[in-house]
Amino acid sequence: MARSALTMTAATFAATAALLLTACGGEDSAPDDIKGAETEASSSSPSASASGAADVKRPDVSLPKDLKLVFDFDRPSDAGQAAALEDAANYIRALDHGIAQQDPNDPAYQFYSTGGAEKYAKSQIEAWVKDGWTVTGNDRYFKADIDPVGEGKSVLVSFCRNQAKFYSKKVATGKVNYTDENLDSYQKFSLLMSPSETSSGVWQARQIEVQGRVKECKG
């Protein structure tokens with residue numbers, strides 16, 4: 001079983017992003033930094049100070065030993081963008097954590113998402129659980145881009161995915177469904193990320209677009 005993709009037209013995604021920015025234009029941000037890097041402080045733009053972020057209790061997004069996620073991203077120099085990128089990765093980790101835990105109500109993805117992105121994560125986990133599958137193998141994400149959206153504090157985080165070595169596994173039997181690499185292995189994710197309204201230093205995915213069979217991610 002391959003993870004299903006939620007597709008939107010570019011116009012629909014842009015329109016949804018614009019509506020979200022209108023609704024969230026007044027929120028404050030204090031993003032955390034990328035894992036392993038020292039905290040960087042700056043202004044109240046998307047590069048807001050990470051002060052207080054250490055006090056936020058983040059959920060467990062650990063994964064089974066037979067599942068490895070690789071985020072081959074360059075760290076942005078801007079602290080806010082770096083925090084948004086790291087929590088976009090945490091959203092992916094949380095989604096797979098929910099599948100591994102077989103829990104469509106897992107608190108991890110709820111912590112790192114809201115709106116359409118939260119609904120997407122729940123629907124994905126529900127589909128895997130319903131069919132009796134979990135995940136195993138290696139999943140690689142790369143070629144990350146971060147772009148400001150409008151004049152607000154949100155950013156659009158996009159990156160490629162190679163899921164050629166990412167497999168489904170039957171929960172009941174442990175049997176792995178191996179598949180060969182092909183164009184279906186390559187996807188492109190676009191996440192609208194905004195500072196959380198409830199957790200200082202945390203960025204949440206608000207909307208997600210997943211494109212399948214993306215040649216630019218293969219080449």
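1. Basis of the model. This is a predicted model in which local features need pLDDT of at least 70 and side-chain atom pairs count only at pLDDT 80 or more, while totals for chains, interfaces and linings use all residues. Residues are numbered from 1 along each chain as its sequence is written, and side-chain values use heavy atoms, with hydrogens and water left out.

2. Overall organisation. The protein has five helices and seven strands. Here helices (H or I, at least four residues) and strands (E, at least two) are DSSP runs, numbered from the N terminus. Read along the sequence, the elements follow the pattern α-β-α-α-α-β-β-β-β-β-β-α. Of the 219 residues, 50% count as buried; buried means under 20% relative accessible area, exposed over 50%, and partly exposed in between, with a 1.4 Å probe and protein chains only. Among the contacts in the protein with a separation of 6 or more, 70% come from residues 24 or more positions apart. A contact is defined by heavy atoms within 4.5 Å.

3. The disulfide. A search of the whole structure finds one disulfide, the term being applied to a pair of cysteine sulfur atoms within 2.5 Å. C160 and C217 form this disulfide, with their sulfur atoms 2.0 Å apart. The pair links distant parts of the chain: C160 belongs to strand β3 (residues 155-162) and C217 to helix α5 (residues 215-218), 57 residues apart. The torsion about the S-S bond of C160 and C217 is about -75°, so the disulfide is left-handed. Both C160 and C217 are buried.

4. Packing of α2 against α4. The axes of helix α2 (residues 79-101) and helix α4 (residues 115-130) come within 9 Å and cross at roughly 30°. Axes are lines fitted to C-alpha atoms, for helices over the stretch in contact, and angles run from 0 to 180 degrees between N-to-C directions. The two helices α2 and α4 are therefore roughly parallel to each other, since angles under 35 degrees count as roughly parallel, over 145 as roughly antiparallel, 65 to 115 as roughly perpendicular and the rest as oblique. The crossing of α2 and α4 is right-handed; that is, the near helix is turned clockwise from the far one by less than a right angle, anticlockwise being left-handed.

5. Residues at that helix contact. On the α2 side, Y91, L95, G98 and I99 meet A117, Y120, A121, Q124, I125 and W128 of α4. By class, the contact of α2 with α4 has eight nonpolar, two polar and no charged residues. In this classification Ala, Val, Leu, Ile, Met, Phe, Trp, Tyr, Cys and Pro count as nonpolar, Asp, Glu, Lys and Arg as charged, and the others, Gly among them, as polar.

6. E86 and F73 are 13 residues apart in sequence, and their C-alpha atoms are 9.3 Å apart in space.

7. V157 is found in strand β3 and, at 0% relative accessibility, counts as buried. Leaving aside neighbours within four places in sequence, V157 is in contact with A84, L85, A88, D145, I146, F189, S190, L191 and M193. The C-alpha atoms of V157 and F189, 32 residues apart in sequence, are 8.0 Å apart. V210, at 1% relative accessibility, likewise counts as buried. The C-alpha atoms of V210 and F189, 21 residues apart along the chain, are separated by 4.7 Å.

8. V56 is found in the loop between α1 (10-24) and β1 (67-72). Not counting residues up to four places away in sequence, V56 touches F111, S199, S200 and V202. The C-alpha atoms of V56 and V202 are separated by 8.2 Å, although the two residues are 146 residues apart along the chain.

9. Backbone points to inspect. Phi of Q102 is near 55°, a positive value in a residue other than glycine. Q102 is found in the loop between α2 and α3 (107-111) and is partly exposed, with a relative accessible area of 24%. Phi of R213 is near 55°, again a positive value in a residue other than glycine. R213 lies in the loop between β7 (203-212) and α5; its relative accessible area is 48%, so R213 is partly exposed.
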